[in-house]
Amino acid sequence: MNRRSFVKYLGATSIFIGATSCASINFFGNNYDEETSREAWKKLADKGEAFKYVNPNKKLPNILLYGDSISIGYTPTVRQGLVNKANVFRIYSNGQSSDRFIPKMKKLKETMFQPYLKGGWDFNWDVIHFNVGLHDLKYLKDGKLDIENGKQVSSIAVYKSNLDTICKYLQTEFPKAKLIFATTTAVPEEGADGRISGDSITYNTAALEVLANYPSIQINDLYAFTKPNAKDWHIKPHNVHYNTLGKKAQGKQVTKIITENL
């Protein structure tokens with residue numbers, strides 16, 4: 001190539017790079033677009049503080065919280081406790097029963113992550129803190145809580161099978177992530193709408209039997225942590241949910257366990 005052709009080549013290359021700066025970002029793999037991801041999350045996620053959009057800081061590890069309304073309650077405290085230490089995400093809605101776990105995880109992936117969402121999230125989970133159980137042990141009839149006439153959502157056998165499938169799925173799909181299973185918090189001693197006191201113990205026992213086959217999955221015994229304070233922390237009688245004091249205490253415990261795994 002002679003000097004004139006070389007100069008012409010450089011000029012054309014400069015024009016190409018200048019005109020396609022956005023494309024060049026894609027070329028180097030850094031094609032996350034915050035506006036696109038925010039809009040996708042807005043359409044996907046429930047409303048409320050626990051479901052606010054998290055803009056991932058690529059310098060920090062990524063944490064996923066998966067669980068029911070108990071985890072929704074402690075999510076803000078975990079985020080506060082890990083500010084500047086980790087990006088703390090949660091599943092986009094109430095995690096519900098064990099049979100919903102994998103479908104919800106797949107929907108999160110296919111809605112928010114590349115290559116499914118152009119400009120979407122492009123990172124791996126470093127820690128997944130998860131729980132299923134409180135929705136498995138409840139009794140329903142026609143979609144309403146009903147102990148007398150309803151049927152339990154998941155029998156012990158079904159729950160154990162589902163949890164085993166969940167563990168296999170997590171270890172296969174996220175082989176580098178540290179996995180933490182939180183035991184199911186207690187049903188009040190006087191019982192609760194659609195739930196029977198003592199069932200949390202039964203389902204936690206079943207869960208630990210399954211998890212014995214997965215020694216790399218850590219146990220966060222949130223049941224044992226919460227139970228001694230249940231009377232002070234439950235929001236009201238016959239209710240499995242917790243007041244502000246309980247939510248914050250649980251959040252600090254979850255933060256502690258996650259921090260130990262960062």
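Trainee: Why is Glu 209 called partly exposed?

Mentor: Glu 209 has 44% relative accessibility, and partly exposed is the class between buried (under 20% relative accessible area) and exposed (over 50%), with a 1.4 Å probe and protein chains only, so Glu 209 counts as partly exposed. Keep in mind that this is a predicted model, where local features need pLDDT of at least 70, side-chain atom pairs count only at pLDDT 80 or more, and totals for chains, interfaces and linings use all residues. Residues are numbered from 1 along each chain as its sequence is written, and side-chain values use heavy atoms, leaving out hydrogens and water.

Trainee: What makes Glu 209 and Lys 160 a salt bridge?

Mentor: The definition asks for a side-chain nitrogen of Lys or Arg within 4 Å of a carboxyl oxygen of Asp or Glu. The closest N and O atoms of Glu 209 and Lys 160 are 2.7 Å apart, so the pair qualifies. This pair links distant parts of the chain, with Glu 209 in helix 7 (residues 199-211) and Lys 160 in helix 6 (residues 156-173), 49 residues apart. Helices here are DSSP runs (H or I, at least four residues), numbered from the N terminus.

Trainee: Where do Arg 38 and Glu 34 lie?

Mentor: Both are in helix 3 (residues 34-44), 4 residues apart, about one turn of the helix.

Trainee: Why is Lys 256 called partly exposed?

Mentor: Its relative accessibility is 45%, so Lys 256 falls in the partly exposed class. Lys 256 also forms a salt bridge with Glu 260, with the closest N and O atoms 3.0 Å apart.

Notes. Helix = DSSP H or I, 4+ residues; strand = E, 2+ residues; numbered from the N terminus.
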